[in-house]
Amino acid sequence: MPAMTAVDADARAGAGTPAEAVGPLVRGIAVLRRLTEAGGTLSPSALERSTGLARSTVDRITGTLGRMGYVRLDGRDVVLTPRVMELGNAYLAALRLPALLDASADALADDLDESVSLAVADLDGIRFIHQATRRRALSVSFRIGDLLPAERTAPGALFAAEWTQTDWTRWRERRSADAQDASFPAVPPRAAPADDASLMASFTERAERARRDGWAVDDQLIEPGLVAVSVPVRDPGTGRAACVASVVSHTSRHSAADLRTSLLPRLRTAVEAMEADLRTAPAPEPGPAPAGLATWTTASKHALGRDFVESLARGLTVLTAFGEGRPALSLTEVAHATGLTRATARRALLTHEHLGLVAAHPDRTFTLTPRVLDLGFPALSRTSLPRLAEPHLRALAEEIREPTALAVLTSGGKEIQYTAGAGTSRVLTVRITVGTRLPATATSLGRVLLADTAAPLSPTLAEVRSQGYALVDEELESGLRSIAVPVRDRTGRTVAAVDISTHAARRTLRDCVHDLLPALHATAARIQRDLHTASRFTHVPPS
């Protein structure tokens with residue numbers, strides 16, 4: 001999206017912005033969007049230029065987002081953190097489609113050995129809510145949350161088959177204002193402005209054909225070589241497209257004609273199973289609503305003073321009131337879930353509605369829109385466990401002045417492989433590079449990982465499992481002591497381990513347990529929190 005300057009914001013304020021809109025919330029969301037468009041990292045100076053905000057305003061906003069755990073400072077840069085994904089998670093949980101259909105999409109991708117995606121309509125675009133990609137040198141790089149113009153996709157033609165005249169008018173206005181698709185950073189810009197009359201006629205024809213056939217093809221509309229075939233997954237209650245499932249490939253593997261003949265029948269079969277899952281899915285049990293948010297924002301304001309923008313924090317917490325079993329909420333329900341007053345919640349909802357993040361309905365309820373995924377989700381949806389862990393490992397190493405590391409068990413189960421680490425500036429220190437493999441039984445990391453296996457445990461591993469950590473004293477190398485704890489996924493399964501290494505002359509065994517272990521547990525908990533947030537609707541590789 002083009003950067004919204006302060007002048008743009010003032011112009012919008014005079015052209016339909018509600019008088020009660022929360023200005024700091026508008027500006028804070030602009031900062032999150034700019035960070036997302038930049039891949040998750042920008043300097044404060046770059047944020048100042050791209051938003052048109054004063055540097056002092058940028059600093060207060062990023063400081064508030066940092067207090068919320070949504071960004072961190074890395075040197076001179078502001079970096080999005082996995083916790084910001086809780087905003088997108090709220091939308092995806094309320095939508096329910098990923099939870100109900102992801103497994104079917106993944107199974108289809110495995111069966112066809114091709115990438116499979118699920119997308120929903122977002123005004124005159126389509127937005128991905130699930131991606132099952134193949135690990136190849138040449139693969140599809142779209143991410144969950146990416147927005148594409150409808151006319152350059154197969155799902156877009158299927159959604160357009162259900163458009164009203166108002167929808168078509170909005171699409172034509174957007175096409176006239178943005179002929180090169182500059183407002184869609186996930187797709188390559190058009191090399192030259194398209195002939196609008198020809199493009200509009202072509203897309204209208206494709207939408208009509210999609211309505212008639214019940215499927216659509218993308219024959220290199222986004223970029224040369226990329227092809228896809230799509231089928232709508234229909235809502236059992238309305239009969240309209242709830243989302244669209246697509247099989248995506250490239251012309252060196254399949255032509256567009258080949259997609260129709262070889263892959264379309266199997267895609268249709270998979271979609272029929274998805275629709276059956278939607279028909280038979282039990283009503284969701286409402287999960288726990290967020291608690292104490294208003295109290296937390298008030299306490300943060302008292303602690304930080306004017307550097308904490310309370311109205312921004314409260315406005316963002318409103319988005320987290322929605323979720324599984326809470327897809328549509330009234331003003332009263334939002335206020336109750338967040339602990340905010342009705343007046344504060346109302347102003348936040350009005351602001352979110354103006355920004356396209358919330359939709360208001362005739363029954364006086366509100367729902368989140370797919371545009372919530374604009375707030376950090378695409379930039380983080382392809383992360384890995386080492387990337388999540390690295391800032392926490394660095395912070396731990398700086399705190400205790402000892403090297404730290406993350407490792408996983410190799411597929412054979414006999415060795416560990418180091419996947420991330422942070423060193424110190426000591427003369428005598430442990431230096432083990434990422435990728436190094438060591439015997440699992442001789443390391444604290446390995447023993448923590450082996451203690452989670454289902455096989456009968458040795459007395460040593462049984463003790464590790466019971467106490468929740470492993471302490472190894474000079475078994476791998478003379479003078480080397482290390483202590484490790486597990487990192488667990490959302491199911492409670494150990495997927496990695498984190499350790500601290502030291503020299504025997506610096507720390508006694510008692511020091512390792514009493515001085516290092518609490519900090520190690522706290523670091524593992526922070527890594528787990530990020531992992532649990534990031535992996536709720538995305539796959540986070542352990543290495």
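**Close-up 1. Arg170 pairs with Asp167 in a salt bridge.** In this predicted model, the closest N and O atoms of the two side chains sit 2.7 Å apart. Both residues belong to helix α8 (residues 165-177), and being three residues apart puts about one helical turn between them. Asp167 is buried, with a relative accessible area of 17%, while Arg170 comes out as partly exposed at 28%.

**Close-up 2. Arg266 reaches Asp111 across two helices.** Here the closest N and O atoms of the salt bridge are 3.5 Å apart. Arg266 is in helix α10 (residues 256-280) and Asp111 in helix α6 (residues 97-112), so this pair ties together parts that are 155 residues apart in sequence. Arg266 has 37% relative accessibility and counts as partly exposed.

**Close-up 3. Asp452 forms a salt bridge with Arg488.** The closest N and O atoms are 3.8 Å apart. Asp452 lies in the loop between α17 (444-450) and α18 (459-467), and Arg488 in strand β17 (residues 480-488), so the contact links parts 36 residues apart in sequence. Both are partly exposed, Asp452 at 30% and Arg488 at 31%.

**Close-up 4. A salt-bridge network takes in Asp124, Glu151, Arg152, Arg174, Arg175 and Asp181.**

**Close-up 5. Strand β14 (residues 415-422) pairs with β13 (residues 404-409) and with β15 (residues 437-439).** Both pairings are antiparallel, with six bridges to β13 and three to β15. Look for Ile416 in β14: Leu409 stands opposite, and Leu438 in β15 is its bridge partner. Five residues separate β13 and β14 in their hairpin, where Gly413 takes a positive phi near 80 degrees.

Notes:
Residues numbered from 1 in each chain as written. Predicted model: local features only at pLDDT ≥ 70, side-chain atom pairs only at ≥ 80, totals over all residues. Heavy atoms only, no water. Pairing = 2+ DSSP bridges. Helix = DSSP H or I, 4+ residues; strand = E, 2+ residues; numbered from the N terminus. Salt bridge = Lys/Arg side-chain N within 4 Å of Asp/Glu carboxyl O. Buried < 20%, exposed > 50% of the residue type's maximum accessible area, 1.4 Å probe, protein only.
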